[in-house]
Amino acid sequence: MLGFSVSNGVEIKGRFANEMRETMKRVRSGRLNKADKAALRFQQEEGEVELVRG
């Protein structure tokens, strides 16, 4: 897992880092938005897997 805090003395900057920090704040507080909830549903879906041996 990528570290996005400054506890190691190096702050990761950029749009992706900011988005991850905001997402982690929402997860910790339990205040997920629609996009967070949709992402969780997608991750929890069980898809069909077909193994093909060649």
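Colleague: How much space lies in the largest pocket?

Modeller: This is a predicted model, where local features need pLDDT of at least 70 and side-chain atom pairs 80 or more, while totals for chains, interfaces and linings use all residues. Residues are numbered from 1 along each chain as its sequence is written, and side-chain values use heavy atoms, leaving out hydrogens and water. A pocket is an open set of points on a 1 Å grid where a 1.4 Å probe fits, with protein on both sides within 12 Å along at least five of seven lines. Filling the points, joined across faces, edges and corners, with probe spheres gives the largest pocket about 180 Å³.

Colleague: How many helices and strands does the protein chain have?

Modeller: Go by DSSP runs, numbered from the N terminus: H or I for at least four residues is a helix, E for at least two a strand. Here, the protein chain comes to 2 helices and 0 strands.

Colleague: Which helix supplies the largest share of the pocket's lining?

Modeller: Lining residues have an atom within 4 Å of a point, and here they are Thr23, Val27, Leu32, Ala35, Asp36, Ala39, Leu40 and Gln43. Helix 1 (15-29) and helix 2 (34-44) each give at least two of the lining residues. The largest share, 5 residues, belongs to helix 2.

Colleague: How far does helix 1 reach from its first C-alpha to its last?

Modeller: Helix 1 has 15 residues, and 21 Å is expected at 1.5 Å a residue, counting one less than the number of residues. Just after helix 1, Gly30 takes a positive phi of about 80°. The helix itself comes close to expectation, reaching 21 Å.
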